[in-house]
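Dear colleague,

I am handing over a structure to you with this message, and my notes on it follow below. Please read them with the model open beside you.

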Amino acid sequence: MDGDTCGQIKIENTQKRDTLCATEKKYQKLWQDEKVFESDAPSCSEYPVGLVTPDDLAQKFPKFFATMAYPYVNGAPHLGHAFTVSKVEFASRVARAQGKNTLCPQGYHATGMPIKACADKLVNEIAMFGETFEGCNEVDITDEASSAESTQLRPREDVTKFTNVKKGKAALKTTKAKYQFQVMLSLGIPRHEIHKFSDAKYWLYYFPQLWRQHLTEFGCAIDWRRSFITTDVNGYYDSFVRWQMRRLKDLGKIRFGKRYTIYSPKDGQPCLDHDRASGEGVLAQEYTALKCKVRRWSEQAQQLLALDGKIPSNANIFMVAATLRPETMCGQTNLFISPSIMYGIFQVSDTDFYLCTDRAARNMAFQGIFPEWGVIPKIMEISGSDVVGSVVHAPLSFKGDVYVLPMNTIKETKGTGVVASVPSDSPDDFAMTVELSKKADFYNIKQEWVCTEVISIIDTPEYGGTIAPALIKKLKISSPKDERQLLEAKEIAYKIGFYQGNMVLGEFAGKQVQEAKPLVRQRLLDSGDAFAYCEPDGLVVSRSGDECIAAFLDQWFLNYGTDEAWRDATLQHLRGEDGLGFNCFTAATKHSLKQTFGWMVEWSVTRQYGLGTALPWDPSQMVEGLSDSAIYMAYYTVAHFLHSDIYGKEPGIANLSVSQMTDDVWNYVFALADEVKSDIDKPVLDAMRREFTYWYPLDIRISGKDLINNHLVFFLYIHQAIWGEQAARYLPKGIRINGHLTLNGDKMSKSTGNFLTLHSAIQKFGADATRIALADGGDGVDDANFEETAANAAILKLFELRKWIERVMTDARLLKPDEEFSKVRETEGVENANLDSLQRTGAMVFWDELFNNDLNRLVRQTVQAYEATNYKAALKSGFYDFTSARDSYRSATLWAGIGMHHDCARRYVELQALMIYIIAPHWADYIWREVLKKPSTIQVVTFPEAPQPDPTLDGISEYIRTVSARIRAADAGQQKRLAKGKGVIFDPSKAKCLNIYVAKTWPAWQAKYVDVARKIFDGISLDLKQAVKEIDKADMKKAMPFVQDLKRRLEAGEEGVFDSRTLGFDEVKVLEEMVPLLTATVPKLEVIKVFHRLPERAAASAEPGAPFVEFVNL
């Protein structure tokens, strides 16, 4: 697609990339033609129903079923999507390499209002500007409005409840376009085609094909037969969702009743997470709205009311203060109002009126508080500064009547704009009260209006009966403007008061706050001194651009949280307490999911606008976009039986109609009933049921972390409801979460140019290099990073390695038994570039054995990393360390004058292809088929069984690495000193000799402290404090690190730490093998001497495995 922003680096010479890309396209077509990734359950004809159980089949034919959250098709995939795709890609390929029958399908999500809202915007813009928007002169104008989410400090209002307010995906990816057609241009849609998208259905035909094209270009191992799209466009999926809704209703999981929900007045329906442009995760927060009746108006307010004349003189006007802490109302001393806010007075009845902000009144209008639903009965406006000095009645307060005072920190975007002051328990209120008492003239109030009496309401163990003044003092808060410290103090006061406090004042004195709070609230409601009020706990903007409110609606909802038995059973599965071994992969994932279960309650299951499936028992309502997406993984198992295209227009292999998919059929197919009445042939029904019972349960669900707070919890809940009691073996087995993806260390953003679609990344770097960079990005729940430099470097590495492999495999010149490498090299004039093609056969020698052992170790490390889903670690050991081991082997055998062994070279190539084909499948298949001439694809080859590495050879390899590094470092150190004009021990620029002194025994002091460690070690840990007491002061500097290393080895479970200490190999012989390598790699080194006796200067530092080395000039 055009219009993609293409990251930060520019690729100049593309020949190597283009060569790799040509191979990628070739193998993508081969995989498709060979149907490599199409997987089926064992057939009923071969394994008849009734003669074999699902458990028997799973044991005989191990399987793996992996999915990711299907994408919403309002755009093409970008690198963030690709990062999640890569995790399910790698996981499914690893399972296939383990020998498992593997299924990885991919569907598309279109349910909800985002597509419909965008289409409707285009309808309006076409009417305004014409079909090609030629009438708009503002193409380059973007909306400069600030982000919908404020960057100011945002207090958590109810700290006893978990909250997860975050920007929605739409906000995170915004291009700040003013019009929808500009958004479409940024997606690469040609201007003359944009008008087609004013039909919402067109989106469903345009973007899914791009997703399939781009995922295919990425090399995904997907069974495309099982793809589908949601909504009633696909009649079979529509039938599936209807069955699901009816079943949940029959199970009592879907209820009807009034409840608060986030609502868009413009759209006329609830606005749930996926319907939001911003505010994803924001919940409805319920308050107690305290009715503080005005006893006496301030002089200014009296004049304004008289002048307006719309409110009867005998009317009851209440200033409405919203509180989350009704239990503290007996301690009210004043009422705060913002002098800078323009308040409204709203008529509730013939005699009653409420004073609050317009925002609060807008919420109240949809909660049955005002006479007419959705109508805001505003009578007049009045400035907060004009009502300061008024007197109101404060329900429950020990004062009775209190003055209205100014508070500049009140925000119009929170609550009603009116605050009941309780200085004993609210740090903000206490700080403001102190401020007003000291600066009455500054605030233009009278001193006697300020009540400075602070009485005890709640007693706490640590802070006594007045926690707010205590925290103000402790945190050194000196002003109401100390916002950050006050926020901290507020959270402490509210938490401690709620969880540890006891009431000491009022009707419920003696009760714990947790018990008293609902009792006080109910008393206020029953007496008419308060009413329930609710609002969004943060700003929520719908996809249509409407600022949402909280509405009290009659609606169908899933009773998450309130059905405690359902919640507890689902949590038991999450925690692995049901014996099914659910895997969260990380503690952070499990913790986050459990937190969500803690606050998630009652989710609206319907809406009235957008695309989707009609609610079966009320067609005027539609199933919302998260509720139709909880168990669609089960649909994947049978989708290819039902349809052969994603829209359900072309019949599947069973040639069934939508009408044949009755609830009874769905129940039978999904193993919820053993009998079925249907006109579908029984063998067809059994084949469909076999697909489900074989592939289910889902082995792993992979998702970005943004879905923890909705979809993933619903996924667990609904599976539990459908299968938990009747067929628990089909409950999901795992959820793996990945973080978001940054690009070159910064957030992806089209507006800054730091953005890449998946298609652009593949065009720029190729599929395998892109996959390598994604694997290198990271594996945890923290955000990962895609480095373009890493992708670019991968192109060079893949190309050069492929070129080298082609040369050493196809142009190999094998030495005959009587031929020597050096002589053939000389007589045949083999150039340096082709020396790797000159290869030995016959018996293995020292360097061959070391190399094979290194490969064994790296293979085992890599396979272990893959199986643990640590793909970055697998990439390191299976690609970077693999090539490093090859480089070391090549250099060693070259300088030794013997060249590589043909069997070692071929084994390396085979293993390299097998270790990297999970991440770079195209490159690996090319090597496998076209270089190694294997008869079939590498994609179905299992991981190799590498022998256990030889500890002695491991020791030799480590010895060679460390000793070589020490020798080169010693020489380089003197070179640096010489370059700086400093004194040197020897002249590194002149011919020199290397003396190596080998120790035969360990120093006596080490043996002494091994005995100390043996005595202290208790079989589990080694107490360093006790060890210190046993170490002589004179030995402390050298002995302490030695004992610490013993502790590390012992506590890691290493065996033989206290056994007779032997090096395990002949150090002198190894050094002799190293001579050619050292001579070739250390400049001006002409002679190497190895000594068995230590000079006095070497005795203190040399030990077996760590020789003393020195250079001397010749």
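A word on handedness comes before the notes: a crossing is called left-handed if the near helix is turned anticlockwise from the far one by less than a right angle, and right-handed if clockwise. Helices (H or I, at least four residues) and strands (E, at least two) are DSSP runs, numbered from the N terminus.

This is a predicted model, in which local features need pLDDT of at least 70 and side-chain atom pairs count only at pLDDT 80 or more, while totals for chains, interfaces and linings use all residues. Residues are numbered from 1 along each chain as its sequence is written, and side-chain values use heavy atoms, with hydrogens and water left out.

On confidence, pLDDT (the predictor's confidence in each residue, from 0 to 100) averages 91 for the protein chain, and 96% of the residues score at least 70. In residues 139–154, however, pLDDT stays under 50, and the model has 27 contacts (heavy atoms within 4.5 Å) beyond four places in sequence for them. Residues 159–174 also stay under 50, with 50 contacts beyond four places in sequence. Where pLDDT is low, the predicted coordinates should not be read in detail.

As for annotation, an unreviewed UniProt entry lists "domain: Aminoacyl-tRNA synthetase class Ia" for residues 59–122 and 200–786; such annotations may be inferred rather than shown by experiment, and the positions are given in the numbering used here, with feature names shortened. Residues 59–122 are 47% helix and 14% strand, with end C-alpha atoms 54 Å apart, and for residues 200–786 the figures are 33% helix and 21% strand, with the ends 34 Å apart.

Several helix contacts involve α23. Axes here are lines fitted to C-alpha atoms, for helices over the stretch in contact, and angles run from 0 to 180 degrees between N-to-C directions. Helix α7 (residues 200–217) and α23 have axes that come within 9 Å and cross at roughly 30°, and α7 passes α23 in a left-handed crossing. The contact is formed by Q213, H214, L215 and E217 of α7 together with L758, H759 and I762 of α23.

Helix α23 (residues 758–765) also packs against helix α24 (residues 767–777), at an angle of about 115° and with the axes 7 Å apart. Angles under 35 degrees count as roughly parallel, over 145 as roughly antiparallel, 65 to 115 as roughly perpendicular and the rest as oblique, which makes α23 roughly perpendicular to α24. This crossing of α23 past α24 is right-handed, and A761, I762 and F765 in α23 meet A767, A769 and T770 in α24.

Further along, the axes of helix α27 (residues 846–867) and helix α29 (residues 902–916) come within 11 Å and cross at roughly 10°, so α27 is roughly parallel to α29. Among the residues that make this contact are F851 and L855 of α27 and Y908 and L911 of α29.

Two backbone details remain. The peptide bond from Y696 to P697 is cis, with omega near 10°, and P697 is placed in the loop between α21 (682–695) and β24 (700–704). N744, in the loop between β26 (741–743) and α23, has a positive phi, near 55°, although this residue is not glycine. Most residues other than glycine have a negative phi, and most peptide bonds are trans.
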